Amino acid sequence: MLKRPRLAAAFLLPAAACALLVLQPRPDRAALARRADAASELGWSRMVEGLTRPALTGIGGGGWVRLRDAVDGRTVELGPGMYVESQVYDLDWFLRGIADGLGRPGDAALASEAVAILLKTQDPAGGHWPWSDDGCVHESLALALLSAGHRAEAERALRWAMRWAEAGHVLPDGTVLEVESAHVMKSWGPSPAPPVPAGAGIPPPPQRMKIPTDTAPDELPMLLRLLAASGQERRYPETARRLRQGLERAIRDFDYGPEESADFKRLFGLVDYGAAVRDGLLPRDALYEQSLRHLGHLARREARKRPEDPLVLGLLLIGVAETELYPEIPDTADRLAAGLLSLQSSSGEWEMPPFIFEVDWVSWGRMLRDLLPGKPLRPLASDRIVGRLESLPTYLAARALRSYARRARQPLTGN
């Protein structure tokens with residue numbers, strides 16, 4: 001009877017040692033984590049210096065944009081009041097990155113400057129910005145004001161968002177209609193007409209088109225997050241109900257797309273919803289578990305696909321590295337991280353896939369002829385201030401690789 005425990009111990013000790021070795025990060029994974037950290041830091045720094053700072057100059061100066069003729073290099077500067085989508089996105093993803101812990105020590109002052117510009121640019125009565133009816137940046141920047149301690153201005157922005165939703169932009173079934181603002185210059189698919197001044201009124205919802213791209217599922221968790229973070233959900237019960245219904249349907253009936261390559265906006269909504277749950281803003285329930293199953297399935301499929309898309313890879317790596325999925329599929333996370341590393345440009349950023357947004361430079365030329373009569377211009381290309389959309393994929397990649405590096409250094413024993 002006394003020998004049996006000795007035999008068990010003799011067997012269990014080597015087994016425990018083997019298990020410990022299995023749980024510890026592999027040497028090649030540790031090397032990949034070091035590369036991921038370095039790439040994240042480089043990408044973030046290049047994004048801030050090459051995109052955030054110029055965007056703050058353009059927006060903070062009252063709305064300026066500089067365009068360059070692709071043929072003879074002649075430039076034209078337009079403003080004030082010429083706000084550009086890409087400039088707002090550059091500011092937005094910078095502030096999102098700061099909230100996610102990506103900032104460098106010196107970035108705190110830049111974040112304060114960005115918030116000050118938001119406060120200066122916001123309409124004091126309506127709570128909106130010139131770009132507010134152009135999509136998710138309104139909710140995201142309102143959250144940035146809230147996290148910076150500017151509750152009154154954030155709630156003013158929330159009230160505008162709720163009026164926007166109640167004006168028909170959020171349908172009874174929770175569908176959020178896609179909107180293109182007439183008040184900002186386009187970074188992709190630019191309008192042939194110049195922007196019009198932004199008024200205080202809520203723009204009417206667009207006529208719904210019978211194509212998959214007429215909805216904005218990525219805005220569902222953003223609007224719910226803003227409601228929850230501000231503690232105002234009970235003031236807007238019908239809008240909150242619609243948004244919850246839309247989110248539940250989007251996750252329950254999640255469309256993997258052709259060859260199980262999810263639409264980017266749907267995937268963004270899925271990942272952002274999970275982040276809101278982990279932040280304690282939305283309940284952790286069966287819907288969250290279902291979202292994890294979707295993410296795990298897509299991650300396993302996407303890790304082996306070619307060509308690779310930095311937007312999708314970044315979102316899926318966030319969805320794995322920042323959740324309970326990581327201990328289940330660490331090898332999949334390795335492949336996603338390696339794919340992201342291979343897509344980093346020589347300048348350190350991640351480029352927007354060209355098949356996502358095709359820029360119509362002829363429209364730029366038409367628009368400038370309208371703005372500057374008698375001065376014919378050939379199709380234009382943009383310089384470093386306008387039209388570069390790398391802030392979104394670079395933010396996603398930098399966040400994903402930073403989260404991956406943190407998890408890859410930990411034993412595979414859950415969160």
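**Inside the cavities**

Let's start with α9, which gives the most to the lining of the largest cavity, with 4 residues. Keep in mind that this is a predicted model, where local features need pLDDT of at least 70, side-chain atom pairs count only at pLDDT 80 or more, and totals for linings use all residues. Residues are numbered from 1 along each chain as its sequence is written, and side-chain values use heavy atoms, with hydrogens and water left out. Helices here are DSSP runs (H or I, at least four residues), numbered from the N terminus.

A cavity is a set of points on a 1 Å grid over the protein atoms alone where a 1.4 Å probe fits but cannot get out, and its lining residues have an atom within 4 Å of a point. That rule gives 3 cavities of 30 Å³ or more. The largest holds about 60 Å³ of space, a volume being the space filled by probe spheres set on the points. Besides α9 (264-278), both α11 (310-321) and α14 (391-408) give two or more residues to its lining. Look for Arg96, Phe268, Asp272 and Tyr395, among others, around it.

Now hop over to the second largest cavity, at about 40 Å³. Here α5 and α6 are the elements that give two or more residues, and α6 gives the most, with 3. Trp160, Ala161 and Trp164 are among the lining residues.

Those three are also among the buried residues (under 20% relative accessible area, 1.4 Å probe, protein chains only) of α6, residues 151-169. The buried residues of α6 pack against α5 (137-147), α7 (219-230) and α8 (237-252), contact meaning heavy atoms within 4.5 Å.

Definitions and conventions
Buried < 20%, exposed > 50% of the residue type's maximum accessible area, 1.4 Å probe, protein only. 1 Å grid on protein atoms, 1.4 Å probe; cavity = no way out; pocket = protein on both sides within 12 Å on 5 of 7 lines; lining within 4 Å.
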